[in-house]
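Subject: Structure for your review

Hello,

Here is the structure I am handing over to you.

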Amino acid sequence: MTHTVLVTGVSRHIGARLAGALAADPEISRVIGVDTVPPRARDLGRVEFVRVDLRSPDIAQVIAAADVDTVVHMSLVSVPANSRSAMKEHNVIGTMQLLAACQRSPAVRRVVVRSTTAVYGSTPHDPAVFTEESEPVEVAHSGYAKDAHEVEGYVRGFARRRSDVVTTTLRFANFMGPGVDSPLTRYFRQPLPPTVLGFDPRLQFVHEDDAVEVLRRMALEDHPGTFNVAGEGVLLLSQCVRRAGRLSVPLPSPLFRLLGDAARAAGLLDFSPEQLALISHGRAVDTLRLAGTLGWKPKFTSAAAFDDFLRAHGVSDSLPLSVLNYLTRR
Amino acid sequence: MEDFLTFLRRRVTGEYEVDEFGFDPELNDRVLLNIVRPLYRKWFRVGALGLENVPVEGGALVVANHSGTLPIDALMLQVALHDEAGRAVRLLGADLVYQLPVLGHLSRKSGHTRASPEDADRLLRKGELVGVFPEGFKGVGKPFSQRYKLQRFGRGGFVSSAIRAGVPIIPCAIVGAEEIYPKIGDLPTLARALGLPYLPITPLFPLLGPLGLIPLPSKWLIEFGEPIRTDRFDPDDADDPMVVFNQTDEVRERIQAQLNVLRLRRGPAFPPLSLF
């Protein structure tokens, strides 16, 4: 059976790894990667790169010309590169154009969309663990989570109109791993990560290898529906900071917000309100549906994924650990 | 000493397990419970009865009366079940707790979570011992004159959860909490301004300032009653309001009857002052 897979967002880390993994599969005849910027020097093997801005209708021509049958939409950005409106346009208008193109194409049989567990939000009123059926307590009214929420809305609309197409939505927890560069990984690489005074959220991570594996399986098999994807277990923020050998600086939430806004305005750090909500209230999701459907579990637990990220970036002994080592030396 | 140092090392390097609700059993056993245990043993001299009614393992729902102005009874119930029955109770707490800094995450670390059907169902499915105070703020914040009178039991969501999970309900009576901060008045306007459900006046608070926050050393008894089975119902009955209301009433009456007997059995709240 011949497969032609189109991967959007191929110039980003996970997108590139997925395209590489698909290209290595002899079952797949062509892998076409699209993005707005060319991929970095990285060797993508036989992946054919096409530079397309998803916001333009050009994507329809690519899909039609290559007889694409599987579309993996990875191009969801969580950080405004230059402006929030450009990010929103990229995420929402880009998805609309892509889905419009898929809807017109008779060849497309499978669509996999990357979403995020951020769609559940993060408030003190949340259930401890979200299942795919849980409604967010508060629908996001800004930023990445709102984009993802709207994207999912369009995907549901598409799935209704093209019920013959297998449509899969994957809600990923925060990516973690040696090659991941996200606001959260940058946060953990700071020498003194600030935390919100009096809050210690539960966090969940999905290792990049597991993320690629889930996407690869979904691109090759028919599993319609929405799935949470996260490593088993949770880590508390305080636990992450300790594992990283860092000392955190607890700030009262209003001061945290103020400094976060100032850092963002100065372009030092990108810290959005939904990240503040996450590191105040945290979030955990249930992944039974994914495990049951694929008969597979992520290889890395949340803790193992975080440790793997730390190994790649070097861990130093924290001050308390050094003191303890000094006191217990033999 | 060796053990303590490995414990410290684990804590400092973050090498410990926390469950999906944020429960940190090690911190709970080695730190948090040790802080409240003196209150249990020395201050309130709590006696625990009917421990044979607490299952050794598997899911069950402990339903207790709630009183005392501040939810100290929740802490004492936790120590009783941990020390005397060997079980970590997972209490379902008010929303307010999880909005507040410090209190919210300490509560999660000691195993508790926000009262919601999702969380209750999930804990019971996992075979945990769940504890709930269906009176909520109506119970804990009731005036001293209403002591040992059970308040309304909400909508009976706890019964639905027990039926869905097919786990027994263990009625639990707590005597002694009523006397720790006798609430003789209320400051509703100030309470509203602070976003609190009530702001109590007790004989010592706010008169003595922070000293007024020391609970009076009443004698406590906690009794676990005979389990009420819910596996005689069909899981679908969890959505039948008639079944749920009747079952809620039965649990409420059982606890009220238990309370009346237990109160007599305890005798005076402050034994050395038996004339009082």
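Predicted model: local features only at pLDDT ≥ 70, side-chain atom pairs only at ≥ 80, totals over all residues.

Chain A contains an open sheet of 7 strands, in the order E3-E2-E1-E4-E5-E6-E11, with parallel pairing. Its edges are strand E3 (48-51) and strand E11 (225-229) of chain A, each of which pairs on one side only. On average, and with direction ignored, neighbouring strands of this sheet are turned by 20 degrees against each other.

Helix H2 (residues 58-66) touches strand E1 (4-8), strand E2 (30-35) and E3 of chain A, and the direction of H2(A) makes about 175 degrees with that of E2(A). Helix H4 (residues 143-161) of chain A touches strand E5 (110-116) and E6 of chain A; the direction of H4(A) makes about 160 degrees with that of E5(A).

E1(A) and E2(A) run parallel and are joined by 5 bridges. A:Leu6 has A:Ile32 in E2(A) as its bridge partner. How much of E2(A) is buried? The count is 5 of its 6 residues, so E2(A) is largely enclosed by the rest of the structure.

Two helices of chain A

H2(A) also meets another helix. Its axis and that of helix H3 (residues 84-104) of chain A come within 8 Å and cross at roughly 35 degrees, and the crossing is right-handed. On the H2(A) side the residues are A:Ile59, A:Ala60 and A:Ile63; on the H3(A) side they are A:Gln97, A:Leu98, A:Ala101, A:Cys102 and A:Arg104. By type, the residues of this contact are 6 nonpolar, 1 polar and 1 charged.

A loop residue in chain A

A:Val180 sits in the loop between strand E7 (174-176) and helix H5 (183-189) of chain A. Is A:Val180 buried or exposed? A residue counts as buried if 20 or more other C-beta atoms lie within 10 Å of its own. A:Val180 has 22 other C-beta atoms within 10 Å, so it is buried. Leaving aside residues up to four places away in sequence, A:Val180 touches A:His13, A:Phe175, A:Thr185, A:Glu208 and A:Phe309. A:Val180 and A:His313 are 133 residues apart in sequence, while their C-alpha atoms are 11 Å apart in space.

Where the chains meet

The contact between the chains involves 22 residues of chain B and 22 residues of chain A. On the chain B side, the elements that give two or more residues are helix H1 (2-13), helix H4 (95-99), helix H5 (103-109) and helix H6 (117-125) of chain B. H1(B) has the largest share, with 5 residues. The residues on the chain B side divide into 8 nonpolar, 8 polar and 6 charged.

Chain B as a whole

Chain B has 10 helices and 9 strands. Its radius of gyration is 19 Å, close to the 19 Å that the globule rule gives for 276 residues, so chain B is as compact as a globular protein of that length. Along the principal axes, the C-alpha atoms of chain B fill a box of roughly 55 × 50 × 40 Å. Of the 276 residues in chain B, 43% are buried. Among contacts in chain B with a separation of 6 or more, 76% are between residues 24 or more positions apart.

A buried strand in chain B

In strand E6 (residues 169-175) of chain B, 7 of the 7 residues are buried, so E6(B) is largely enclosed by the rest of the structure. In a regular strand, side chains alternate between the two faces of the sheet. From E6(B), B:Ile169, B:Pro171, B:Ala173 and B:Val175 point one way, and B:Ile170, B:Cys172 and B:Ile174 point the other way.

Which strands pair with E6(B)? Strand E2 (residues 60-64) of chain B runs parallel to E6(B) and is joined to it by 4 bridges; here B:Ala64 has B:Cys172 as its bridge partner. Strand E9 (residues 221-224) of chain B pairs with E6(B) in the antiparallel sense, over 4 bridges. In that pairing, the bridge partner of B:Ile174 is B:Ile222 in E9(B).

Regards

How values were computed. Residues numbered from 1 in each chain as written. Chains lettered and ligands numbered in written order. Pairing = 2+ DSSP bridges. Axes fitted to C-alpha atoms, helices over the stretch in contact; angles between N-to-C directions. Contact = placed C-beta atoms within 7 Å. Left-handed = near helix turned anticlockwise from the far one by under 90°. Nonpolar A, V, L, I, M, F, W, Y, C, P; charged D, E, K, R; others polar. Buried ≥ 20, exposed ≤ 12 C-beta atoms within 10 Å, placed from the backbone. Rg over C-alpha atoms; globule rule 2.2 N^0.38 Å.
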